[in-house]
Amino acid sequence: MSGDQLKDAVHGVPMVSGTTAAPTTAASATALGVTSAGQTPSSSATHQVSMPVVPLRYPGRITVAVILVVVAALAAADVALNKRYHWDVVVGYLFAPQILSGAGLTLLLTVVSMTAGILLGTALAVMRLSANPVLSTVSRGYIWFFRGTPLLVQLIFWYNIAALYPVIALGLPFGGPSWVIGSANVLITPLGAAILGLSLNEAAYMAEIIRGGIGSVDKGQYEAARALGMKRATMMSRIILPQAMRVVLPPTGNQVVSMLKGTSLVSVLAISDLLYSAQIIYATNYQTIALLIVASLWYLALTTVLSYFQGKLEKRYGRGFELTSGKTRKRRKRSAA
Amino acid sequence: MSTAMVEAQGVRKSFGPVEILKGIDLRVEKGSVTCLIGPSGSGKTTFLRCINHLEKVDAGRLSVDGSLVGYAERNGKLYELKEDQTAQARLDAGMVFQRFNLFPHMTVMENILEAPVRVQKRPRAEVLKEAQVLLDRVGLGHRGDSYPQELSGGQQQRIAIARALAMKPKLMLFDEPTSALDPELVGEVLDVMKDLAEEGMTMVVVTHELAFARQVSDQVVFMDQGVVVESGPPEQVLGSPVHERTKSFLSKVL
Ligand SMILES: Nc1ncnc2c1ncn2[C@@H]1O[C@H](COP(=O)(O)OP(=O)(O)OP(=O)(O)O)[C@@H](O)[C@H]1O
Ligand SMILES: [Mg+2]
């Protein structure tokens, strides 16, 4: 054992233990070897308290990170320098009016269909969980049908609804009086068919997600709400659904993102959404890849923005469930002051 | 004789083929404290839930402050109440649960305000003042902004009591309010309940805290297998029980 180690032992032990026995033993030089072996636990505990701590290092992580950065940089350089990507064309079309209005329409379709889908889906989820067998069967059947058929087929069906029902009217069956609302061709525009198709399809998926969320809420919450005299509607809207939100939001975020990209299916209805607008342009100038990159950049940008709002919402509905949220800490400080 | 707060005559309740309550007879006077004791599965919770209209009574008569639970009596016939009418009738009794059941997504203050404002439609400012008084009374006046999960079990249960009291109930029902608590937290909840009893609140308490029952209650009811085996003043039921089943239960609990 070197002189330094001896000093450590002599300094370290009394600082913590405060006993006189330890330094005496350590100082008796002849017994040094025996002492250091016999007192290993106590002296290592001493080191933990009195010595500066050197944090554990992760050399593996750094190596992997360096390799990844190099690979990414090489790939980026190749993509940037490869003339065949036609970056000049990408930049030129990125903010072209046609592309911008296409992106706007895609966002509109997403927001409207998603909102309608969530509202209808909530109703379907509540129906599905209802004690009324008629309601729950209707909901089950709806979900079965709309999840079980391709969205593309549903969209084309709504687009062609006029072939099945040329006139849309409200009235009594078997020749009773009826009020003509209008011709189906006029009422169901391509955009209308798109929104109808996307919303009804989305509702089926949202219903299942929301049902799962509702199921995650503790049964005691129903008891407490009922014992406080709440009617079913109040109980659901004030107590159960807000708690279900916590479980519902992450998968709903996924739904929003796949809806955003799923709207590109409506290009079959000749609606000039983002993808269709890009297709129209490359049909004339043959810059297929460049325009698909333009469209993808916009899809990425929109996804990023929507994910940001998802994060905000998740925080909002996580309140009371995470003890260490920023808000809690702030409030704690306030009440302590 | 004035009307009792709770009056049960031959109350029966089954879940499917299994009869849980097999004819309960019980009378709870206004301003009195009744402790319900009995082995697990004897139907104590079920009976409490019947009083609060959370379960339908299958047979017999159960009335709270003179009005029948679940039914309206007109012209010698019983008419089943609609869901909304039942919700209204439920306001007569406040209920405190074993597992507190506070609303975790609301602060303590929001928990207390929710029902008086949304259900009873009372002005928020007025309820807010009362809620603060209630919070002070249960010793948690400074925790209005906390979320339930930031509080200890004992504190949560005291909040749950304040939440029930904010509805100004005629009667308070407690279902094993201290069973889920660490032993050192039981006292603070029982203290709040003792204060409440002293103020003259009518209370029905399912509990295993026999010391509390002896000290606070006017009546102890021993239930077993869906019937009331024995009831009377605490000295009698706890001190010198008549029935064999009561004796053996007490010897196990003590
Ligand atoms: N909703 C229900 N459906 C079916 N059975 C039920 C239901 N609620 C209670 N039971 C049954 O009724 C019996 C009595 O239950 P209850 O909760 O009233 O007993 P308890 O006296 O409160 O017991 P504990 O001391 O364990 O709380 C139990 O066997 C229980 O399984
Ligand atoms: Mg029980």
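## Before we start

Residues are counted from 1 along each chain as its sequence is written, and chains are lettered from A, with ligands numbered from 1, in the order in which they are written. Since the model is predicted, local features need pLDDT of at least 70 and side-chain atom pairs count only at pLDDT 80 or more, while totals for chains, interfaces and linings use all residues; side-chain values use heavy atoms, with hydrogens and water left out.

## What the record says about chain A

Let's begin with chain A. UniProt, in an unreviewed entry, lists "domain: ABC transmembrane type-1" at residues 103–310 of chain A. (UniProt positions are given in the numbering used here, feature names are shortened, and annotations may be inferred rather than shown by experiment.) That span is 77% helix and 5% strand, and its end C-alpha atoms lie 20 Å apart. Helices here are DSSP runs of H or I with at least four residues, strands are runs of E with at least two, and both are numbered from the N terminus.

The unreviewed entry in UniProt also gives "transmembrane region" for several stretches of chain A, including 62–81, 178–200 and 289–309. Take residues 289–309 of chain A: the span is 100% helix and 0% strand, with end C-alpha atoms 30 Å apart. Residues 178–200 of chain A are 65% helix and 26% strand, and the end C-alpha atoms there are 26 Å apart.

## A hairpin and a loop in chain A

Where does that strand content come in? Strand β2(A) covers residues 178–183 and runs antiparallel to strand β1(A), residues 167–171, with five bridges joining them. (Two strands pair if DSSP finds at least two bridges between them.) Within this pair, Leu170(A) has Trp179(A) in β2(A) as its bridge partner. The two strands make a hairpin with six residues between them, and Phe174(A) in the turn has a positive phi of about 55 degrees.

Ala270(A) also has a positive phi, near 55 degrees, in a residue other than glycine. You'll find Ala270(A) in the loop between α14 (232–262) and α15 (274–285) of chain A.

## Sheet and hairpin in chain B

Now for chain B. UniProt places "domain: ABC transporter" (unreviewed entry) at residues 6–250 of chain B. Over that stretch, the chain is 36% helix and 28% strand, with end C-alpha atoms 26 Å apart.

Four strands of chain B form an open sheet in the order β2-β1-β4-β5, with antiparallel pairing. At the edges stand β2 (18–28) and β5 (67–68) of chain B, each with a single partner strand, so one side of each has no neighbour in the sheet. Strand β1(B), residues 6–15, is joined to β2(B) by eight bridges, and Lys13(B) stands opposite Leu21(B). In the loop between β4 (59–64) and β5 of chain B sits Asp65(B), whose phi is positive, near 50 degrees.

Another pair is β6(B), residues 71–74, and β7(B), residues 77–80, which are antiparallel over four bridges. Tyr71(B) faces Glu80(B) here. Their hairpin has two residues between the strands, and Asn75(B) takes a positive phi near 50 degrees.

## Where the chains meet

How many residues of chain B are in contact with chain A? There are 28, touching 25 residues of chain A, where contact means heavy atoms within 4.5 Å. The area buried between the two chains is about 2,500 Å², with carbon and sulfur atoms giving 55%. (Buried area is the accessible area, with a 1.4 Å probe, that two parts lose on being put together, summed over both.)

Two salt bridges cross the interface of chain B and chain A, each being a side-chain nitrogen of Lys or Arg within 4 Å of a carboxyl oxygen of Asp or Glu. One of them links Glu114(B) to Arg238(A), with the closest N and O atoms 2.7 Å apart. On the side of chain B that touches chain A, the elements giving two or more residues are α2 (83–89), β8 (93–96) and α3 (108–118) of chain B. Of these, α3(B) gives the most, with three residues.
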